[in-house]
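Reader: Could we go through this structure together? I would like to begin with its charges.

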Amino acid sequence: MSRAKALKYYIIIRLLLAPLMLWTITTLVFLLLRATPGDPVDAVLGNRAPDIVKEDYRKQLGLADPLWLQYIRYLGSLLRLDLGTSITSQGQKVWEIIQQHFPATVELSVCGMAIAFLVGIGVGTLAASRSGTVWDVGGRLFGIITYSIPLFWMGMVVQLIFSVQLGWFPIGTRYPISLATPEGFTGLYTIDSLFSGNLVQFFTAIYYLALPSITLGLLLSGIFERIVRVNLKQTLKADYVEAARARGIHERRIVFAHALKNAMIPVITVLGLTLAALLGGAVLTEVTFSWPGLGNRLYEAISGRDYPTVQGIMVFFATIVVIASIAIDIVNALIDPRIRY
């Protein structure tokens with residue numbers, strides 16, 4: 001079988017497996033929510049509400065039906081792209097909650113990923129190109145430390161130092177409450193302020209975004225640093241690199257113009273896994289920094305036993321991860337001819 005046919009077959013298989021992966025995730029979320037302690041009715045009405053009131057409300061929510069019937073109804077709603085209605089947000093649709101909070105998560109995630117990518121590749125390249133030196137040891141320590149530090153702990157520490165004690169950065173909000181937020185169709189304050197030409201709003205949004213995104217980016221950068229450092233070291237020992245050195249090409253040009261491009265291929269491969277870690281890290285970052293994103297809203301929904309909101313947000317996150325993973329696998333297969341199927 002030719003490579004083109006094999007690649008086409010691989011893409012078709014991945015696309016066919018995507019619904020199965022989403023169904024597995026949605027089923028697990030549905031079952032785990034109902035297996036955890038706590039009752040959505042008690043979370044809304046309180047423990048002191050009369051039993052008859054609780055029972056009526058439970059019937060209104062459909063929670064009095066058998067589990068299999070709830071599951072079938074839930075799958076039917078998903079097929080209609082209906083994520084349901086929030087229990088704790090006064091009848092607000094889950095889609096509306098996602099549209100309201102997702103831009104803040106996108107802004108935080110994109111900035112965090114950019115910082116992680118640049119810092120991780122920079123430190124990894126520096127460490128690999130100076131193998132056996134103090135830079136190499138420092139790069140290893142950087143990768144280990146950033147990979148192992150708990151995000152929630154680091155978030156509390158940087159807030160205590162840079163916000164509470166030094167007062168350099170604000171916390172607890174995405175934009176000053178006293179100022180009008182940037183208006184636009186994207187919901188991304190940085191982009192909308194640029195489109196409107198308001199640089200004051202743009203730099204204000206960057207200022208409020210800086211501390212949580214830097215924290216998230218630095219702790220995720222260890223993933224890229226370790227991959228780049230290991231692969232670049234191996235690439236620098238390849239025959240074509242030795243041949244380039246024999247021709248008198250400067251070492252810096254060898255690293256950046258030749259070796260780094262090949263060492264970056266595994267980085268693209270791991271982007272799919274990093275996206276899942278990024279969303280998980282964004283949830284912890286949003287909760288720690290009180291960032292009004294979708295991850296923080298998910299935490300509130302879990303605390304309030306808001307089944308429809310938790311299920312809807314988890315399905316939304318899972319869909320993003322599955323689609324991104326498939327896209328990255330396809331791109332990786334196209335740019336790396338060594339991959340076989």
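Author: The chain has 28 positive and 21 negative side chains, and the centres of the two sets lie 12 Å apart. Lys and Arg count as positive and Asp and Glu as negative, while His and the chain ends are not counted. Each charge is placed at NZ of Lys, CZ of Arg, CG of Asp or CD of Glu.

Reader: What kind of model is this, and how are residues numbered?

Author: It is a predicted model, in which local features need pLDDT of at least 70 and side-chain atom pairs count only at pLDDT 80 or more, whereas totals for chains, interfaces and linings use all residues. Residues are numbered from 1 along each chain as its sequence is written, and side-chain values use heavy atoms, with hydrogens and water left out.

Reader: How many helices and strands does the chain have?

Author: The secondary structure comes to 14 helices and zero strands; these are DSSP runs, numbered from the N terminus (helices: H or I, at least four residues; strands: E, at least two).

Reader: Turning to glutamine 311, where is it placed?

Author: Glutamine 311 is in helix H14, residues 307-335.

Reader: Is glutamine 311 buried or exposed?

Author: Glutamine 311 is buried because its relative accessible area is 6%, and buried means under 20% (exposed is over 50%, partly exposed in between; 1.4 Å probe, protein chains only).

Reader: Which residues does glutamine 311 contact?

Author: Leaving aside neighbours within four places in sequence, glutamine 311 is in contact (heavy atoms within 4.5 Å) with Val29, Phe30, Leu33, Arg34 and Tyr74.
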